[in-house]
Amino acid sequence: MQKKITSSLLLILAVMMAYNTGWAAEEVVTDTGTTSWMLTSTALVLLMVPGLAMFYGGLVRTKNVIGTMMHSFGAMVVIGVLWPMLGYALSFGPSILGGLVGWEPKYFMLQGIDDAIMSTQIPEYVFAMFQGKFAIITPALIAGAFAERVNFKGYLAFIALWSIFVYSPICHWVWAADGFLFNLGAMGAIDFAGGTVVHISSGITGLVAALFLGARKGYPRNAMSPSNLVMTLTGAGLLWVGWFGFNAGSAIASNLATARALTVTQMAAASGAFTWMVVELLHHGKATSLGVASGILAGLVAITPAAGVVPPAGAFALGAIAAVICYVAILLKSKLGYDDSLDAFGVHGIGGIVGALFLTFFIRPSWMADAAAKVGGTWTVWQQFGVQATAVGVTIAYAAAVSLVLLFIVEKTIGLRIKENDEMSGLDHSMHGEQGYGLINPN
Amino acid sequence: MKLITAIIPPDRLDHVREALIQADITRITVSRVTGHGRQEDIEFYRGQKIAPNLIPKVRLDIAVNDQFVDITVDTIINAAKHGVGEIGDGKIFITSLEQCIRIRTNERGGPAI
C-alpha cells in the first residue's frame, strides 16, 4: 500500500516535471519593447471610438447628438462584454464548420490564455485586447449609415448579432492563421489592418442598412445641417491619432514593419486630405472643414489594408485616389437618393475597396520577390490582384447577405426603424430622455 | 397685422414647422428659450428623475396679415399638442403689430410680410 502511494506520487511528480520541461523548452519570453508598443496601440485604437462618437455626433442635428454618440459608446459597451466571452474564440480559435468561423472553448472569458505568451513575444492578453478594440469600432462605424433614425434597443441587438455572425467570421478568414483568405494565393490576401474586416464589412453593411431602413423623414428635401463641426474636426483629429495604433500596431511588433506602417499612415492621411481640399477648391471654390475631415478619413481607410506592403509613394497615391473616388461616390449618393446619413459607405466602404484593390499596384518589390520565392516561380501583380478581388468580393457578398437577414430579424422582433413621432422629436429626447446641447440654437 | 408668438415644447418643433409649411406659413423666426410655466419637466440624471428649474422651450415668432391668424394658430395648436394635450404643451400670444418694413425695398405694412 505504502509502496503503491509512493510510486504513484513519484509518477505524478515525474509527469509534472515532464510537463514543466516540455513547457520550458518552447517557452517564449515577453519582449518588453514590443509589449509596451502593443499596449499603447491598444489604448490608441480605443481612443478612436470616442473620436468617432465626436465625428458622427457633430454631423447630426442638435436633437440627435446624444443618440448618435451613444451608438459609438454602445458598441464600446456591448462588444466590450461580448468580445472576451465569444468574439475572441470565434475569431481566433481553430477553424470549425469547414473554416466558417473559429472556436476554442478555452477562450471563453479568456480563461485559457492566463499564462500565454505568443510567438510575437507579447502576452496573448495584449493581442486579445488589441483585437477587441477593432471589434468595437467596426459596428460603431456602421451607425453612421443609419444615424438619426434607429431605435436604441434594436441597434444594440443588431450590433451584438452582427459582431457574432459577420465580424467574427470575416476576421477569422482574413487574420486567423488557418483562415482561408489568410492563406489564399502566394502569401495570402493582403489586409494589414482591416480594409476588408473593418472598413468594407462595415461600409457594405451600412449601405444595406440604409437601403433596408429607408431615408430619414424629410430627406433629401430638407437640409440636415451638422450640429457642431468643431466637434467633428476634433473627432477627425482623434481618429487620425488613434489610427497610428490601428495601423502601426497591426504589425504586432515594434520594429521596421511598425515604422513603415506608421509612415505610410501619416502620408496617406495627409495626401487624402490635401486631395479632397484641392478637389473642393476646384469644384466649389471653397475648402470646407468637413471636406478636410472626410479626406483625412478616406486616406486613412485606404491605407489600412496596405500599410504593411506599400512604400511611401504608394501611400501618397492611395490617399489621393481614395479621396477622389470617395468624393465622387458621395456626389453620386445624392443623385441615387439613398440616405447613408454620415457616409459610412461612401468613405469606409468605397475607401476600403479602393485601398484593398489598388494597393496591388504599389506593393514594394521585396514583397513580390518573397511571394514569387514562396510559390517557387513567378508571382505577378495581376495574380495578387485576383487574390485581393476575391477577398473583397467575398467580404462584400457575405457581409451584405448576412446583414440583410439580421436587419430583417431585428426589425421584425425588437424594431430597428424608429417611430415617426420619435424621429421628429429627436433621439436624445425619445431614446435617452436627455438633451445634448443646452441653450444653443435649435436646428 | 398680428405678431403671433408661440412657446412650444422642443420635441414638437419639427412637427410644428412641417405643419406650418404645409399650411403655407413659411416666414418664421425660431429661437430656443427657457422659462417656467405649470409644467414640471422630468429628465434622467444618474438614474434619478429630476425636474429642472427652468424648462427649455422653443419660441416661434410669426408676423402675419389678419386673414392668416386663424390658420396659423390652429396649425400650431394641432401640431404642438402631445396626444390629447398635456401640461407643458405651451402657449400662444397674439399682439397687434404696428408696422412691418422690408429692409431691402423699404416696403411698409401688409405687403412687406
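# Reading a two-chain model

Trainee: What covers the buried residues of helix 1 of chain B?
Mentor: The cover includes helix 14 (420-425) of chain A, along with strand 1 (2-8), strand 5 (55-64) and helix 2 (69-80) of chain B. Helices (H or I, at least four residues) and strands (E, at least two) are DSSP runs, numbered from the N terminus. Contact here asks for C-beta atoms, placed from the backbone, within 7 Å. This is a predicted model, in which local features need pLDDT of at least 70 and side-chain atom pairs count only at pLDDT 80 or more, while totals for chains, interfaces and linings use all residues. Residues are numbered from 1 along each chain as its sequence is written, and chains are lettered from A and ligands numbered from 1 in the order in which they are written.

Trainee: Which residues of helix 1 of chain B are buried?
Mentor: A residue is buried with 20 or more other C-beta atoms within 10 Å of its own, exposed with 12 or fewer, and partly exposed in between; the C-beta atoms are placed from the backbone. In helix 1 (residues 13-22) of chain B, that gives Leu13(B), Asp14(B), His15(B), Val16(B), Arg17(B) and Leu20(B). After this helix comes Asp24(B), with a positive phi near 70°.

Trainee: What is the strand order of the open sheet in chain B?
Mentor: Strands of a sheet pair through backbone hydrogen bonds, either parallel or antiparallel. Two strands count as paired if DSSP finds at least two bridges between them. Here four strands form an open sheet in the order 2-5-1-6, with antiparallel pairing. Strand 2 (29-35) and strand 6 (91-96) of chain B each have a single partner strand, so one side of each lacks a neighbour in the sheet. From one strand to the next, the twist averages 25°. Axes are lines fitted to C-alpha atoms, for helices over the stretch in contact, and angles run from 0 to 180 degrees between N-to-C directions.

Trainee: How many bridges join strand 2 to strand 5 of chain B?
Mentor: Seven, in the antiparallel sense; Thr34(B) has Pro56(B) as its bridge partner. Helix 2 of chain B packs on the sheet, where it touches strand 1, strand 5 and strand 6, and its direction makes about 0° with that of strand 1. Strand 1 and strand 6 of chain B pair over six bridges, with Ala6(B) opposite Ile92(B).

Trainee: How many helices and strands does chain A have?
Mentor: Chain A has 15 helices and two strands. Its radius of gyration is 23 Å, close to the 22 Å that the globule rule gives for 443 residues, so chain A is as compact as a globular protein of that length. The radius is taken over C-alpha atoms, and the rule is 2.2 Å times the number of residues to the power 0.38.

Trainee: Which residues touch the most other members of the largest nonpolar core?
Mentor: Such a core is a set of buried Ala, Val, Leu, Ile, Met, Phe, Trp, Tyr and Cys residues joined through C-beta atoms within 7 Å. In the largest, of 132 residues, the answer is Leu52(A) and Leu318(A). Beyond its neighbours within four places in sequence, Leu318(A) has contacts including Ala268(A), Val310(A) and Phe362(A). Apart from that core lies another of 13 residues, among them Leu13(B), Leu20(B), Ile62(B) and Ala80(B).

Methods. Contact = placed C-beta atoms within 7 Å.
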